[in-house]
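Subject: Structure handover

Hello,

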Amino acid sequence: MFDEKKLWKERFNTWLKEIARYSRYIFNGHIVIVMVFLLGTAAFYYQEWLKTIQEQFPVAIIMAMAIAFILTYSPINTFLTEADKIFLLPLESRLKGYFTRSIIASFIIHAYLLFIGLGVFMPLYARVNDGDFKKYVPFLIAILLMKVLNLFIRWKVQYYVETKVHVFDSIIRYAVNAVFLYFLFSGAGLIFLLPEAALLLIMLFYYDKSTKEKGLKWEFLIEADERRRTSFYRLANLFTDVPKLRQRVKRRKWLDWVFSKLPFAQNVTFSHLYARTFLRAGDYFGLFIRLTLIGAGIIYFFSFGLGQVLVVLLIVYLTGFQLVPLWNHHSNKLWIKLYPVNEQLKIQSFKRLLTNVLYCQTVLLTITIFIKGEWKMAILSLAAGFGLSYFFSNVYIQKKLLK
């Protein structure tokens, strides 16, 4: 006999075991030291920055806009798999308890994110409000109540297949959440907070009524869960082999000019392969862009003096470390072994690509320091970044490539 409670427990436990299993690889070894160092540095500069802000600083607006993102982002982990649209679809009417448990589990996960997010901003709030940390708990309770409404609305919106409904819903909820949070952090009374909560209740009532005749969009739910699993697998794949990871390929035609710079010769066979893999396969190029933008943002807004050099080195190291799996990207493909090319050329090609990518990132980060007008620090960052890029690509990873 079908037991939806037992099924959910099995799916949830399997998901927890996967998270625990791969987390051991992610938070292991020197990456923990780097993270502790990075967080410590960020905390130091955050504390120094707080000393410079005035009481007129628009803390309520900034906190509202930032935390509204976390409040609005409300994906629901359903733990569904590809086969469910065949085997569970006929049992949809008996899965109400299954999906209710999924919403509760998702709420607990999001509550943790809100707990952390609010905790990060509270020192900023306390700085312009006479050191008042006592409002953390009331703030958190109010935000969690709004999160419940956001999650239920998001669940109902998933009954629609039209993309514009999803986009419109996200924009509306973000606006409502931001206004609610602004009044909350400004110390406004209940009379200003209740209208936003009432508006979300009206949205929930509307979606509930309009989706009564609609069925669950199984393919959408499965695809959404698959995307979340793939994102986690991709992160774990930086530290260990993940057999379940599905690689996606994107053409990125606007980057074709890069390949025209490579000569058409046998000795650069692997240069073509790794360049295309970096720019088109998986998330290597996206990772490079994200880390570069994060590094540039930290350098421009939060760091100063030698701290800027330190940030450049950390970003270059993290990028290099996370690009190392590119070396094994084709390790399971037999046709690569048929290339009539010396194995040594493969190592040289990978090192050359990694070096050039890290050089490029160093230059981009250095330009940010130049824009701030600190040319001495910029020159020092350029020299240090180039030195680390060369050392990392040609010495540090040598043993990993020969394994």
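Which residues line the largest cavity? They are L273, Y274, W327, H330, S331, I336 and K346. By class, that lining has four nonpolar, two polar and one charged residues. Nonpolar here covers Ala, Val, Leu, Ile, Met, Phe, Trp, Tyr, Cys and Pro; charged covers Asp, Glu, Lys and Arg; the others, Gly among them, are polar. The volume of the largest cavity is about 30 Å³. The structure holds one cavity of 30 Å³ or more. (A cavity is a set of points on a 1 Å grid over the protein atoms alone where a 1.4 Å probe fits but cannot get out; lining residues have an atom within 4 Å of a point. Volume is the space filled by probe spheres set on the points, which are joined across faces, edges and corners.)

Some ground rules. This is a predicted model, so local features need pLDDT of at least 70 and side-chain atom pairs count only at pLDDT 80 or more, while totals for chains, interfaces and linings use all residues. Residues are numbered from 1 along each chain as its sequence is written, and side-chain values use heavy atoms, with hydrogens and water left out.

Now the helices (DSSP runs of H or I, at least four residues, numbered from the N terminus). Axes are lines fitted to C-alpha atoms over the stretch in contact, and angles run from 0 to 180 degrees between N-to-C directions.

Helix α3 (residues 59–72) and helix α7 (residues 163–185) have axes that come within 8 Å and cross at roughly 140°. The crossing is right-handed (the near helix is turned clockwise from the far one by less than a right angle). Contact residues include M63, I67 and F69 of α3 and R173, Y174 and L181 of α7 (contact means heavy atoms within 4.5 Å). By class, this contact has 14 nonpolar, three polar and one charged residues.

α3 also packs on helix α6 (residues 136–157), at about 45° with axes 9 Å apart. Here I67, I70, L71 and T72 of α3 meet I143, M146, K147 and N150 of α6.

Last pair: α13 (residues 306–323) and α14 (residues 343–371). Their axes come within 10 Å and cross at roughly 150°. They are therefore roughly antiparallel (over 145 degrees). This crossing is right-handed. The contact has ten nonpolar, five polar and no charged residues.

Best regards

How values were computed. Helix = DSSP H or I, 4+ residues; strand = E, 2+ residues; numbered from the N terminus. 1 Å grid on protein atoms, 1.4 Å probe; cavity = no way out; pocket = protein on both sides within 12 Å on 5 of 7 lines; lining within 4 Å. Parallel < 35°, antiparallel > 145°, perpendicular 65-115°, else oblique.
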